[in-house]
Amino acid sequence: MAKLDKSRGSMRKYIPFTLVMLAVLAVVIFFIPKKEAVVVEKITSEVSEADKVENGIHVRTGLIAKDGYELVVANCTVCHSAKLVMQNRMNEVRWNSTIKWMQETQNLWDLGDNQKIIVDYLVKNYPIEKVGRRHALNNINWYNLK
Ligand code: HEC
(Lines give C-alpha, C1' and ligand atoms only; values in the text may rest on other atoms or scores of the structure.)
Protein backbone atom coordinates (compact mmCIF):
# COMPACT_ATOMS: atom_id res chain seq x y z
CA MET A 1 0.00 0.00 0.00
CA ALA A 2 2.73 2.37 0.95
CA LYS A 3 4.54 1.39 -2.22
CA LEU A 4 1.50 2.17 -4.37
CA ASP A 5 1.07 5.58 -2.75
CA LYS A 6 4.67 6.36 -3.42
CA SER A 7 4.42 5.50 -7.09
CA ARG A 8 1.20 7.47 -7.42
CA GLY A 9 2.98 10.42 -5.84
CA SER A 10 5.81 10.22 -8.29
CA MET A 11 3.34 10.07 -11.21
CA ARG A 12 1.56 13.12 -9.87
CA LYS A 13 4.82 15.00 -10.12
CA TYR A 14 4.61 14.78 -13.92
CA ILE A 15 1.10 16.12 -14.25
CA PRO A 16 1.99 19.83 -14.39
CA PHE A 17 4.80 19.09 -16.82
CA THR A 18 2.46 17.08 -19.08
CA LEU A 19 -0.13 19.85 -18.95
CA VAL A 20 2.45 22.43 -19.90
CA MET A 21 3.63 20.28 -22.82
CA LEU A 22 0.06 19.81 -24.01
CA ALA A 23 -0.51 23.52 -23.77
CA VAL A 24 2.66 24.22 -25.77
CA LEU A 25 1.58 21.65 -28.36
CA ALA A 26 -1.86 23.19 -28.58
CA VAL A 27 -0.37 26.65 -29.05
CA VAL A 28 2.00 25.36 -31.75
CA ILE A 29 -0.80 23.54 -33.59
CA PHE A 30 -3.02 26.57 -33.27
CA PHE A 31 -0.52 29.09 -34.56
CA ILE A 32 1.31 27.36 -37.42
CA PRO A 33 -1.55 27.23 -39.92
CA LYS A 34 -2.80 30.62 -38.82
CA LYS A 35 0.52 32.23 -39.61
CA GLU A 36 0.45 30.76 -43.12
CA ALA A 37 -3.07 32.02 -43.61
CA VAL A 38 -1.96 35.52 -42.66
CA VAL A 39 0.88 35.36 -45.21
CA VAL A 40 -1.46 34.10 -47.94
CA GLU A 41 -3.95 36.81 -47.06
CA LYS A 42 -1.21 39.44 -47.33
CA ILE A 43 -0.04 38.17 -50.73
CA THR A 44 -3.60 38.01 -52.04
CA SER A 45 -4.30 41.52 -50.91
CA GLU A 46 -1.06 42.75 -52.47
CA VAL A 47 -2.00 41.09 -55.76
CA SER A 48 -5.49 42.53 -55.80
CA GLU A 49 -4.04 45.89 -54.78
CA ALA A 50 -1.70 45.75 -57.78
CA ASP A 51 -4.55 44.94 -60.16
CA LYS A 52 -7.06 47.36 -58.76
CA VAL A 53 -9.46 49.00 -61.19
CA GLU A 54 -10.78 52.43 -60.29
CA ASN A 55 -13.21 54.44 -62.41
CA GLY A 56 -12.68 52.04 -65.31
CA ILE A 57 -8.89 52.45 -65.21
CA HIS A 58 -6.42 49.74 -64.28
CA VAL A 59 -4.58 51.71 -61.61
CA ARG A 60 -1.10 50.20 -61.94
CA THR A 61 -0.76 50.70 -65.70
CA GLY A 62 -3.32 53.38 -66.46
CA LEU A 63 -4.91 51.24 -69.15
CA ILE A 64 -8.65 51.45 -69.77
CA ALA A 65 -10.18 48.37 -68.12
CA LYS A 66 -12.32 47.16 -71.00
CA ASP A 67 -12.50 43.73 -72.70
CA GLY A 68 -9.04 42.28 -73.19
CA TYR A 69 -7.08 44.72 -71.04
CA GLU A 70 -5.72 41.87 -68.89
CA LEU A 71 -3.96 40.50 -71.97
CA VAL A 72 -2.47 43.91 -72.72
CA VAL A 73 -1.29 44.23 -69.11
CA ALA A 74 0.23 40.74 -69.23
CA ASN A 75 1.88 41.04 -72.66
CA CYS A 76 2.52 44.69 -73.34
CA THR A 77 3.74 46.20 -70.07
CA VAL A 78 6.61 43.80 -69.45
CA CYS A 79 9.35 45.54 -71.43
CA HIS A 80 8.14 49.11 -71.47
CA SER A 81 5.58 51.29 -69.80
CA ALA A 82 1.94 51.09 -70.81
CA LYS A 83 2.26 54.80 -71.60
CA LEU A 84 4.25 53.89 -74.71
CA VAL A 85 1.31 51.73 -75.77
CA MET A 86 -1.35 54.30 -74.92
CA GLN A 87 0.30 57.26 -76.59
CA ASN A 88 0.69 55.43 -79.90
CA ARG A 89 -2.64 55.48 -81.63
CA MET A 90 -2.74 53.26 -84.67
CA ASN A 91 -5.13 51.36 -86.88
CA GLU A 92 -5.26 47.57 -86.97
CA VAL A 93 -2.74 47.20 -89.79
CA ARG A 94 -0.16 49.38 -88.08
CA TRP A 95 -0.63 47.67 -84.71
CA ASN A 96 -0.04 44.30 -86.32
CA SER A 97 3.08 45.54 -88.03
CA THR A 98 4.36 47.18 -84.82
CA ILE A 99 3.86 43.85 -83.04
CA LYS A 100 5.65 42.06 -85.89
CA TRP A 101 8.51 44.56 -85.62
CA MET A 102 8.82 43.92 -81.87
CA GLN A 103 8.79 40.20 -82.51
CA GLU A 104 11.53 40.45 -85.12
CA THR A 105 13.77 42.90 -83.31
CA GLN A 106 12.81 43.07 -79.62
CA ASN A 107 12.19 39.43 -78.67
CA LEU A 108 8.46 39.87 -78.29
CA TRP A 109 6.93 36.41 -78.12
CA ASP A 110 4.26 34.91 -80.37
CA LEU A 111 0.91 36.17 -79.10
CA GLY A 112 -1.17 33.48 -80.83
CA ASP A 113 -4.93 34.04 -80.72
CA ASN A 114 -4.42 36.79 -78.15
CA GLN A 115 -2.97 39.10 -80.80
CA LYS A 116 -6.39 39.76 -82.31
CA ILE A 117 -7.92 40.44 -78.88
CA ILE A 118 -5.06 42.81 -78.01
CA VAL A 119 -5.20 44.68 -81.33
CA ASP A 120 -9.01 44.94 -81.14
CA TYR A 121 -8.68 46.37 -77.64
CA LEU A 122 -6.09 48.93 -78.77
CA VAL A 123 -7.99 50.06 -81.86
CA LYS A 124 -11.22 50.37 -79.90
CA ASN A 125 -9.92 52.07 -76.76
CA TYR A 126 -7.10 54.16 -78.22
CA PRO A 127 -8.48 55.19 -81.58
CA ILE A 128 -6.64 57.52 -83.89
CA GLU A 129 -7.63 61.03 -82.96
CA LYS A 130 -9.37 62.79 -85.76
CA VAL A 131 -7.32 65.80 -86.68
CA GLY A 132 -9.45 68.28 -88.52
CA ARG A 133 -10.17 71.96 -88.68
CA ARG A 134 -10.66 73.67 -85.37
CA HIS A 135 -14.21 74.30 -84.23
CA ALA A 136 -15.84 77.54 -85.31
CA LEU A 137 -15.43 80.34 -82.79
CA ASN A 138 -18.54 81.43 -80.99
CA ASN A 139 -19.50 83.74 -78.14
CA ILE A 140 -16.66 86.08 -78.90
CA ASN A 141 -16.64 89.63 -77.60
CA TRP A 142 -14.92 91.37 -80.45
CA TYR A 143 -13.30 94.65 -79.59
CA ASN A 144 -12.31 97.56 -81.80
CA LEU A 145 -8.66 98.30 -82.29
CA LYS A 146 -7.91 101.92 -81.58
C1 HEC B 1 9.92 41.69 -75.27
C2 HEC B 1 9.79 43.08 -74.97
C3 HEC B 1 8.56 43.79 -75.47
C4 HEC B 1 7.25 43.43 -75.28
C5 HEC B 1 6.72 42.25 -74.50
C6 HEC B 1 6.45 44.43 -75.94
N7 HEC B 1 7.25 45.39 -76.48
FE8 HEC B 1 6.65 47.08 -77.39
N9 HEC B 1 8.58 47.63 -77.65
C10 HEC B 1 9.67 46.96 -77.17
C11 HEC B 1 10.85 47.76 -77.39
C12 HEC B 1 12.26 47.38 -76.99
C13 HEC B 1 10.42 48.94 -78.02
C14 HEC B 1 11.26 50.14 -78.42
C15 HEC B 1 11.26 51.05 -77.22
C16 HEC B 1 11.85 52.36 -77.49
O17 HEC B 1 11.90 52.76 -78.63
O18 HEC B 1 12.25 52.99 -76.49
C19 HEC B 1 8.99 48.84 -78.15
C20 HEC B 1 8.20 49.82 -78.70
C21 HEC B 1 6.83 49.81 -78.72
C22 HEC B 1 6.01 50.85 -79.28
C23 HEC B 1 6.50 52.14 -79.93
C24 HEC B 1 6.70 51.81 -81.38
C25 HEC B 1 7.18 53.00 -82.14
O26 HEC B 1 6.93 52.99 -83.35
O27 HEC B 1 7.78 53.89 -81.55
C28 HEC B 1 4.73 50.49 -79.13
C29 HEC B 1 3.51 51.25 -79.55
C30 HEC B 1 4.74 49.18 -78.47
N31 HEC B 1 6.02 48.82 -78.22
C32 HEC B 1 3.61 48.47 -78.16
C33 HEC B 1 3.63 47.21 -77.59
C34 HEC B 1 2.46 46.38 -77.44
C35 HEC B 1 1.06 46.76 -77.85
C36 HEC B 1 2.87 45.23 -76.84
C37 HEC B 1 2.02 44.03 -76.49
C38 HEC B 1 1.49 43.29 -77.60
C39 HEC B 1 4.30 45.34 -76.63
N40 HEC B 1 4.73 46.54 -77.11
C41 HEC B 1 5.08 44.39 -76.01
C42 HEC B 1 9.68 45.75 -76.57
C43 HEC B 1 8.56 45.03 -76.21
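Predicted model: local features only at pLDDT ≥ 70, side-chain atom pairs only at ≥ 80, totals over all residues.
Two residues count as in contact here if their C-beta atoms, placed from the backbone, lie within 7 Å.

**Entry: α3 against α6**

I looked up which residues of α3 meet α6. From α3 I found Y69, L71, V72, N75 and C76, and from α6 their partners N114, I117, I118 and Y121. Sorted by class, this contact holds seven nonpolar and two polar residues, with no charged ones.

Next I looked at how the two helices are set. I remind myself that a packed pair of helices is described by the angle between the axes and the distance between them. For α3 and α6 the angle is about 105°, and the axes are 9 Å apart. Angles of 65 to 115 degrees count as roughly perpendicular, so α3 and α6 are roughly perpendicular to each other.

**Entry: α5 against α6**

Helix α6 covers residues 114-125, and I found that α5 packs on α6 too. Here the angle is about 130° and the axes are 10 Å apart. That makes this pair oblique. I also wrote down that α5 passes α6 in a right-handed crossing. The contact is made by E92, W95, N96 and I99 on the α5 side, and by Q115, V119, L122 and V123 on the α6 side. By class I get five nonpolar, two polar and one charged residues for this contact.

**Entry: around the ligand**

Which residues come nearest to the ligand? Of the 15 residues around the ligand, they are C76, C79, N88, Q106 and L108.

I then asked which helices build the shell. At least two residues each come from α3 (69-76), α4 (82-87) and α5 (92-105). The largest share is that of α5, with three residues. My class list for the shell reads nine nonpolar, six polar and no charged.

**Entry: the whole chain**

Finally I stepped back. I listed six helices and two strands in the protein chain. From the N terminus on, their order is α-α-β-β-α-α-α-α.

How does the radius of gyration stand against that of a compact globule? For 146 residues a compact globule would have a value near 15 Å, but this chain has 34 Å. Along the principal axes, the C-alpha atoms fill a box of roughly 125 × 55 × 25 Å.

Definitions and conventions:
Residues numbered from 1 in each chain as written. Near = placed C-beta within 6 Å. Helix = DSSP H or I, 4+ residues; strand = E, 2+ residues; numbered from the N terminus. Nonpolar A, V, L, I, M, F, W, Y, C, P; charged D, E, K, R; others polar. Axes fitted to C-alpha atoms, helices over the stretch in contact; angles between N-to-C directions. Parallel < 35°, antiparallel > 145°, perpendicular 65-115°, else oblique. Left-handed = near helix turned anticlockwise from the far one by under 90°. Rg over C-alpha atoms; globule rule 2.2 N^0.38 Å.
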